[in-house]
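Colleague: I am new to this one. Can you walk me through it, feature by feature?

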Amino acid sequence: MKNDWQLANELQAIILISLSLVLFKLFTSGQITDMLEPRLIPFALFAMVAMFLLGFFRMMNSDMYGADCDCEACDQGGTGLFGLFQYGVLFFLPIFIAFNYY
């Protein structure tokens with residue numbers, strides 16, 4: 001069984017990678033110009049790459065204890081039902097918006 005902090009790190013990594021994949025889908029389908037001003041497209045491209053890299057490195061460091069901090073004051077408590085709701089909203093909302101946008 002995984003520790004709570006390890007599961008939280010992996011969920012955060014999955015959310016970051018999924019958001020970057022939603023932006024990638026919008027770039028490849030050409031729908032990004034329907035949502036953003038053409039001046040903002042380079043920033044969205046940078047955000048896509050940054051979110052993917054952050055999610056990738058977050059996933060790689062999820063099995064290391066203390067990857068986020070080296071102190072004893074870190075909250076190692078469980079995420080609970082409210083945390084699961086937060087991660088669910090952050091994971092499914094961008095996917096729902098991207099695939100249902102006309």
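Modeller: Start just after helix 1, where Gly-30 takes a positive phi of about 85°. Keep in mind that this is a predicted model.

Colleague: How far should I trust the coordinates, and what does the protein chain average in pLDDT?

Modeller: The general idea comes first. Where pLDDT is low, predicted coordinates should not be read in detail. Here the protein chain averages 78, and 77% of the residues score at least 70.

Colleague: Where in the protein chain is confidence lowest, and where is it highest?

Modeller: Helix 4, residues 80–100, is lowest, with a mean of 75. Helix 3 is highest, at 89.

Colleague: How many helices and strands does the protein chain have?

Modeller: There are 4 helices and 0 strands. Along the sequence, the pattern reads α-α-α-α.

Colleague: How do I check the length of a helix, say helix 1?

Modeller: Compare an expected span with the distance between the end C-alpha atoms. Helix 1 has 26 residues, so at 1.5 Å a residue it should span 38 Å. Its end C-alpha atoms lie 37 Å apart, which agrees.

Colleague: Which residues make up the largest nonpolar core?

Modeller: Look for buried nonpolar residues joined through their side chains. In this model the largest such core has 7 residues: Val-22, Leu-23, Leu-26, Ile-32, Ile-41, Met-48 and Met-51. Helix 1 (4–29) and helix 3 (41–60) are the elements that give two or more residues to this core.

Colleague: What is Ile-41 in contact with, leaving aside its neighbours within four places in sequence?

Modeller: Ile-41 touches Phe-27, Ile-32 and Thr-33. For the whole protein chain, take contacts with a separation of 6 or more: 76% of them join residues 24 or more positions apart.

Colleague: Now single residues. Is Ser-18 buried or exposed?

Modeller: Compare its relative accessible area with the cut-off: under 20% is buried. Ser-18 has 12%, so it is buried. This residue lies in helix 1. Its side chain reaches the backbone oxygen of Ile-15 at 2.8 Å.

Colleague: And is Phe-96 buried or exposed?

Modeller: Over 50% counts as exposed. Phe-96 has a relative accessibility of 54%, so it is exposed. Phe-96 sits in helix 4.

Colleague: What about the chain as a whole: how much of it is buried?

Modeller: Of its 102 residues, 24% are buried. The protein chain exposes about 7300 Å², and carbon and sulfur atoms supply 70% of that area.

Terms used
Residues numbered from 1 in each chain as written. Predicted model: local features only at pLDDT ≥ 70, side-chain atom pairs only at ≥ 80, totals over all residues. Heavy atoms only, no water. Core = buried A, V, L, I, M, F, W, Y, C linked by side-chain atoms within 4.5 Å. Buried < 20%, exposed > 50% of the residue type's maximum accessible area, 1.4 Å probe, protein only. Contact = heavy atoms within 4.5 Å. Expected span 1.5 Å × (residues − 1). pLDDT = per-residue confidence, 0-100. Polar contact = N/O pair within 3.5 Å; in protein donor to acceptor, adjacent residues only side chain to side chain. Areas by Shrake-Rupley, 256 points an atom, 1.4 Å probe, with all protein chains shown as cover.
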